[in-house]
Amino acid sequence: MSELSEQIPTQLFVYGKWRDAASGARFPVTDPATEDTLAEVADGQHEDAVSAVDAAARAQAEWAATPPRERGEILRRAWQLMTERADELARLMTLEMGKSLAESRAEVTYAAEFFRWFSEEAVRIDGRYAQDPSGAKRTMVTKQPVGPCLLITPWNFPLAMGTRKIGPAIAAGCTMVLKPAQLTPLSMLNLAALLTEAGLPDGVLNVVPSTSASRIVSPALEDPRIRKMSFTGSTEVGKKLVEQCAPNLQRMSMELGGNAPFLVFSDCDVDVAVEGAVAAKMRNNGESCVAANRFHVAEPVVEEFTRRLTAAMAEMRTGPGTEEGVSVGPLINIGQRDKVVELVTDAVDAGATVTTGGEVPEGKGFFYPPTVLADVPANARILREEVFGPVAPITTFTDEEDALRQAGDTEFGLVAYLYTRDAGRAVRVGEALPTGMVGINTGIVSNPAAPFGGIKESGFGREGGAEGIEEYLDTKYMSLALG
């Protein structure tokens, strides 16, 4: 706990009060760079989840009646506070998640932007008024908050995955129960305190960390007062949550796993493609659902692309995220690093060549170096499974048809990237790729002003953009007879 301010909250947050778990139990939060315990956090139980749902339900009517401008101003103040405290928020995030301070600062900016964006959307919740075709009636369509929501966030973006759910819920007039990831609860607990400072009323946001997701999620979804669930995480867990939402028919939005293809056509600017590849692969240490997972490169440029990507990745410094000059921090835990090692070993055994990295460093911390694999065969698991680490496997394609075939050969459909100078090809391939998002000559697609989400087994629903607030609104139609 010496690394952290004693002001960082470590209790549950229910109806505006900080309190211990019902059982008094706590669990450790570990620094993945040192393997030391940062803090011990209240371990939420079944009773705590019930209390949080009660709090959200109790606050819902008054919060829904709060004028949109007031809701927006709370978000605006929260954006300003996050911006002013960016360094403090970034350091906390680096300590509990591992990413470099530069990466953490970028996430704080990104996370805060959801609050600014949805502060502006709060006053733009539109309906419509129209004459009925018969002329005898008028049709009025309005939007209303869906009601109390259950939000489940992952460990890899401890702030941003929360703000892009909390922001639209606040703007729409919904109350929330939020279950943060066990590995990184501190950033979200700190955010709850910040939102209280910004003026968020008691009960609108309730945060219940726990070592058991089911202890919190099950009682919440069993309660018919919870009307929506938003989840970011694995496809496997997402499918189970769909089943849990079925009895009460709660609305769902899910951002699940990915297996992003990165297509490099022979007519591209290779320098630009390599720059984009590093951005798409190495953001967040590669622990991102939108990270480029497999690189499909046109045969005429594969040698040059591999050489330049290898050089770029080899220059990146690995170490504790708090150290100056470090660009690649540790992976989140030993299990995640073991998965990366397993996939790299499988690829090498199948015939791939390591051009940089590929070796676990000695010492404490869950570090793994930036790694490039050349000549990866089609049967390597790393082309089918999400590596979630700093590894770039490279394979080749012959023509546009072959590129699309390989890119689409997955059950996932979150994002794809393509590099070409041909505008016609960019549109043609972009429209044909079976994904919810496409980055064309860019390695970064995340944008609070754009709808984020996937298709197939990468989920459904959208977060961000004008579409993001719709996930938290019900449509009501009223028919008015004139006489």
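Start with the cysteines: a search of the whole structure finds 0 disulfides, where a disulfide is a pair of cysteine sulfur atoms within 2.5 Å. Select Cys149 and Cys174: Cys149 is in no disulfide, and its nearest cysteine sulfur, that of Cys174, lies 4.1 Å away. Cys149 is buried at 0% relative accessibility; buried means under 20% relative accessible area, exposed over 50%, and partly exposed in between, with a 1.4 Å probe and protein chains only. Then jump to Cys289, which is in no disulfide either; the nearest cysteine sulfur belongs to Cys245, 19 Å away. Cys289 is also buried, with a relative accessible area of 11%.

A word on the ground rules before you go on. This is a predicted model, in which local features need pLDDT of at least 70 and side-chain atom pairs count only at pLDDT 80 or more, while totals for chains, interfaces and linings use all residues. Residues are numbered from 1 along each chain as its sequence is written, and side-chain values use heavy atoms, with hydrogens and water left out.

**Next stop: the largest pocket**

Select Trp155, Phe231, Gly233, Ser234 and Val237. Which part of the model is this? The largest pocket has a volume of about 1,000 Å³, and of the 41 residues lining the largest pocket, these five, Trp155, Phe231, Gly233, Ser234 and Val237, are the closest to its centre. A pocket here is an open set of points on a 1 Å grid over the protein atoms alone where a 1.4 Å probe fits, with protein on both sides within 12 Å along at least five of seven lines; lining residues have an atom within 4 Å of a point. The volume is the space filled by probe spheres set on the points, which are joined across faces, edges and corners.

Now colour by element. Helix H7 (213-222), strand S10 (228-232), helix H8 (235-245) and helix H11 (334-349) each give at least two residues to the lining of the largest pocket. The largest share, 6 residues, comes from H8. Helices (H or I, at least four residues) and strands (E, at least two) are DSSP runs, numbered from the N terminus.

**Then: a sheet**

Show S5, S6 and S22 as a cartoon: these 3 strands form an open antiparallel sheet in the order S5-S6-S22. Strand S5 (128-131) and strand S22 (473-481) are at the edges with a single partner strand each, so one side of each has no neighbour in the sheet. Neighbouring strands of this sheet are turned by 20° against each other on average, direction ignored; the axes are lines fitted to C-alpha atoms, and angles run from 0 to 180 degrees between N-to-C directions.

Zoom in on S5 and strand S6 (residues 137-145), which pair over 4 bridges; strands pair if DSSP finds at least two bridges between them. Arg128 stands opposite Val141 in S6, and Gln131 faces Arg138 in S6. The two strands, S5 and S6, form a hairpin with 5 residues between them, and Gly135 in the turn has a positive phi of about 85°.

**Last stop: two backbone angles**

Most residues other than glycine have a negative phi. Select Leu249, in the loop between H8 and strand S11 (251-255): its phi is positive, about 50°. Leu249 is exposed, with a relative accessible area of 68%. Finish at Lys456 in strand S20 (residues 455-456), where phi is also positive, near 50°. Lys456 is partly exposed, at 42% relative accessible area.
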